[in-house]
Amino acid sequence: MTAEAEAETGREAEHEQPVPVRVPPVAAGRPVRWGVLATGGIAERFVTEVGELPDAEIVAVGSRGEASAKEFAGRLGIPRAYGAWTGLVADEDVDIVYVATPHSAHRAAAGLALAAGKPVLCEKAFTLDAREAGELVALAGERGLFLMEAMWMYCNPVIRRLVKLVRDGAIGEIRTVQADFGLEGPFPPEHRLRDPALGGGALLDLGVYPVSFAHLLLGEPDRVQADALLSPEGADLNTGILLGWDAGATALLTCSVTADTPRTATVTGTKGRIEIPAGFFSPDRLVLRRSGAEPEEITEEGLTGAGGLWGMQYEAAEVARCLRAGETESPLVPLAGTLAVMRTLDAVRDRIGVRFPAASAT
């Protein structure tokens, strides 16, 4: 079955099943059984990291083609492989589906899984735009199913410590947030990062991290400004974002697929600042600099950080906690926050003139 046919099947199922799906909590004492939808690099990393958890088991993978699914499953030791998304979401042994397709297919893939009664963890950027994101959130609500954006940065223990420090007033009131995420490239025109039909560009792949970081600390901004260098195909290659809040805070954020940026983050307040070194989206430490005091390096025991694993195990552990508790969303990655981030990304795209054909066609 083609991706288009799978998407259409999913939409039909959404309308055919208006009643909530009752999914019992995952019982204590057995692992959460994951189905992985897609076979790309991010899916492989997820299987590698999450498969090491004692209470997680990767039981199936689904792809658009049987050969791809079988190769992926055989190489990574996954018991079952499906050559169509529909086979994966129908597997009774799958407790939750992890969607790792390109952004352009998130709406269709996650919608198909939800329509089949499966909870979903969907990679970021969550969808191509806020409208698609709202449709998924509404569908999950109608079905009474768990849904979460795979913003594993929010689940990282160091990031959670940072949030607590800020909320406890360790650096006073936030005045500035700075964060960047850039890759040197170059990426050829046919690469997915330069294909608008796949949601390509720096913003959705990389910029979602700095934007989400600012949202985590300050919420949805009141003002959005942006500028970008666009490719001949219409994808953003190098983007600068300035966000403003009525309370007086600003955020200066950058993303790029043409420059290897430091990938650091800094939060400055009226009484000090917090610095996160390279790999701010998966840190193993931070530095707290209070006014008039010596710097404090804060770490969390057992963290892998940016130099090793990305931290997907932390989000998988949070998903497992939610599924065992019967919760339909995570307080660490709330759906309202995901929708707010998507609105900001939409506003940035509007300012820089990026259009996605897949979004406008639906």
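**Contacts along the chain.** I note here that the model is predicted.

**Overall counts.** I counted secondary structure next. The protein has eleven helices and 14 strands. There are 362 residues, and 53% of them count as buried. I also looked up the accessible surface. It comes to about 14600 Å², and carbon and sulfur atoms hold 52% of that.

**Trp34.** I went to strand E1, which spans residues 32–37 and contains Trp34. Is Trp34 buried or exposed? I found a relative accessibility of 1%, so Trp34 counts as buried; the cut-off for that is under 20%. Then I checked a distance. Ile96 lies 62 residues from Trp34 in sequence, yet their C-alpha atoms are 5.3 Å apart.

**Ala38.** I moved on to the loop between E1 and helix H2 (41–50), where Ala38 sits. Ala38 is not a glycine, but its phi is positive, at about 125°. Ala38 counts as buried because its relative accessibility is 10%.

**Arg263.** I noted another positive phi. Arg263, also not a glycine, has a phi of about 60°. I placed Arg263 in the loop between strand E10 (250–256) and strand E11 (265–269). Its relative accessible area is 22%, so I wrote Arg263 down as partly exposed.

**Cis peptide bonds.** I then looked at omega angles. The bond from Lys124 to Ala125 is cis, with omega near -10°. Ala125 belongs to the loop between strand E5 (120–122) and helix H6 (130–143). The bond from Gly185 to Pro186 is cis as well, and its omega is near -5°. I found Pro186 in the loop between E7 and H8.

**Arg194.** How is the side chain of Arg194 joined to that of Glu233? I found a polar contact of 3.0 Å between them. I listed the neighbours of Arg194, leaving out residues up to four places away in sequence. Among them are Phe187, Pro188 and Pro189, then Gly200 and Gly201. Arg194 also touches Ser231, Pro232, Glu233, Ala235 and Leu237. With a relative accessible area of 14%, Arg194 falls under the 20% cut-off and is therefore buried.

**H7 against H8.** I kept a helix pair for the end. Two packed helices are described by the angle between their axes and the distance between the axes. I looked up both values. Helix H7 (residues 157–167) and helix H8 (residues 202–218) pack at about 40°, and their axes are 10 Å apart. The crossing is right-handed. Which residues make the contact? From H7, I noted Ile159, Leu162, Val163, Val166 and Arg167. From H8, I noted Phe213, Leu216 and Leu217. I sorted these residues by type. Seven are nonpolar, one is charged and none is polar.

Technical notes
Residues numbered from 1 in each chain as written. Predicted model: local features only at pLDDT ≥ 70, side-chain atom pairs only at ≥ 80, totals over all residues. Heavy atoms only, no water. Axes fitted to C-alpha atoms, helices over the stretch in contact; angles between N-to-C directions. Helix = DSSP H or I, 4+ residues; strand = E, 2+ residues; numbered from the N terminus. Left-handed = near helix turned anticlockwise from the far one by under 90°. Contact = heavy atoms within 4.5 Å. Nonpolar A, V, L, I, M, F, W, Y, C, P; charged D, E, K, R; others polar. Buried < 20%, exposed > 50% of the residue type's maximum accessible area, 1.4 Å probe, protein only. Polar contact = N/O pair within 3.5 Å; in protein donor to acceptor, adjacent residues only side chain to side chain. Areas by Shrake-Rupley, 256 points an atom, 1.4 Å probe, with all protein chains shown as cover.
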